[in-house]
Amino acid sequence: MRQIAAILGAGLLGMAACAPLPMDQAPLPTGPYAAPQPAPVLTNDGSPQSTARMFVAVMRRMEPAVERECLQRRTQPINCDFQFVVDDRPGQEPNAFQTIDPTGRPIIGFTLSLIALARNGDEIAFVVGHEASHHVLNHLDRKAGAAAAGAVILGSIASVYGNNPEAIETAQRIGASVGSRYYSRDWELQADYLGAIMTLNAGFDPINGSRFFERIPDPGDHMLGTHPSRAARLDQVRRAVNDVVSGRIR
């Protein structure tokens with residue numbers, strides 16, 4: 001992987017890393033909802049030049065918005081200095097992810113195929129908001145905890161029926177997978193909700209952005225599926241927008 005600036009052209013983004021930010025939580029906005037200045041209409045005609053221009057324009061607007069929202073909404077002293085990277089390896093499926101580096105700095109990554117698949121800036125902005133929300137909501141740590149709990153539970157059950165170390169190790173692996181997957185759908189919906197708010201507060205349209213779901217396979221609502229159904233996700237985005245506009249949440 002390379003940093004976005006290295007892939008899309010040095011100097012195009014103007015997204016220099018910020019110095020470490022203070023860890024004091026800023027107060028959330030209050031009062032009637034004031035719609036932000038709408039973002040310029042950004043579309044993608046499918047050419048590499050159009051795709052790059054759209055992506056760069058979105059990131060210029062979303063990076064400061066995401067970091068501001070992180071500072072305002074975090075409930076723990078997490079790092080809000082996001083780094084954005086692009087996976088430019090050929091043949092990668094459309095995907096985005098959130099992780100942290102060894103220092104705790106949050107990283108949001110995109111494959112080139114996902115960027116190319118987006119039809120407009122709203123879709124890219126919503127993906128950014130969704131992935132940033134996983135960090136703000138502390139889902140990585142919570143997923144690790146759920147996986148550890150699942151491993152302990154199934155490993156303990158296996159040990160009751162014999163002291164075969166291989167069987168216990170297998171049960172622990174299965175338990176870790178089940179534990180993390182069991183909670184993941186709820187976390188995806190939470191990230192959709194907060195991601196929609198972040199997108200809206202940056203001047204993009206999260207409802208239009210969430211139409212990205214309509215062009216990817218619908219995971220349905222299967223037991224232990226890692227992602228919720230398309231319908232559930234679209235409903236969650238609409239609920240977030242309605243809550244903001246009605247003043248129930250900022």
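## Helix α8 and its buried residues

In helix α8, the residues that count as buried are R233, L234, Q236, V237, A240, V241, D243 and V244, where buried means under 20% relative accessible area, exposed means over 50% and partly exposed lies in between, with a 1.4 Å probe and protein chains only. An α-helix has 3.6 residues a turn, so residues three or four places apart point the same way. After α8 comes G247, with a positive phi near 85°.

The model is a predicted one, in which local features need pLDDT of at least 70 and side-chain atom pairs count only at pLDDT 80 or more, while totals for chains, interfaces and linings use all residues. Residues are numbered from 1 along each chain as its sequence is written, and side-chain values use heavy atoms, with hydrogens and water left out.

## Overall fold

The protein contains eight helices and four strands, and along the sequence these follow the pattern β-α-α-β-β-β-α-α-α-α-α-α. Helices (H or I, at least four residues) and strands (E, at least two) are DSSP runs numbered from the N terminus. Of the 250 residues of the protein, 46% count as buried. Among contacts between residues at least 6 apart in sequence, 72% join residues at least 24 apart, a contact being heavy atoms within 4.5 Å.

Helix α4 is mostly covered, with 16 of its 16 residues buried. Its N-terminal end is capped by N120, from which a side-chain oxygen lies 3.1 Å from the backbone nitrogen of D122; a polar contact is a pair of N or O atoms within 3.5 Å, of which, within protein, one must be able to donate a hydrogen and the other to accept it, and residues adjacent in sequence count only if both atoms are side-chain atoms. Following α4 is N138, whose phi is positive, near 60°.

## Nonpolar cores

In soluble globular proteins, nonpolar side chains tend to be buried together. A nonpolar core is here a set of buried Ala, Val, Leu, Ile, Met, Phe, Trp, Tyr and Cys residues joined through side-chain atoms within 4.5 Å. The largest such core has 33 residues, of which M62, F110, I124, V128 and F204 touch the most other members. Two or more residues of this core come from each of α2 (48-73), β2 (83-87), β4 (106-111), α3 (112-117), α4 (121-136) and α6 (165-201), and α2 gives the most, with nine residues. Apart from this core lies another, of 10 residues, among them F126, Y193, F213 and L234.

Leaving out residues up to four places away in sequence, I124 touches M54, F55, V58, L114, I115 and A118.

Two further residues of helix α2 can be described individually. T51 lies in that helix and counts as buried because its relative accessibility is 10%; with the residues up to four places away in sequence again set aside, T51 touches N44, G46, I115 and A116.

## The disulfide and the aromatic pairs

A disulfide is a covalent bond between the sulfur atoms of two cysteines. The structure holds one disulfide, the criterion being a pair of cysteine sulfur atoms within 2.5 Å, and this bond joins C70 to C80 with an S to S distance of 2.1 Å. C70 belongs to helix α2 and C80 to the loop between α2 and β2, 10 residues apart. The link of C70 and C80 is left-handed, with -70° about the S-S bond, and both C70 and C80 are buried.

There are three aromatic pairs in the structure, for which rings of Phe, Tyr and Trp (its six-membered ring) pair if their centres lie within 6.5 Å, and planes under 30 degrees apart count as stacked, over 60 as edge-to-face and the rest as tilted. The rings of F55 and F110 have centres 5.3 Å apart and planes at 80°, so this pair is edge-to-face. The pair links distant parts of the chain, with F55 in helix α2 and F110 in strand β4, 55 residues apart, and both F55 and F110 are buried. The rings of F82 and F84, in contrast, are stacked because their centres are 6.2 Å apart and their planes are at 20°. F82 is buried, with a relative accessible area of 1%, and F84 is buried as well, with 4%.
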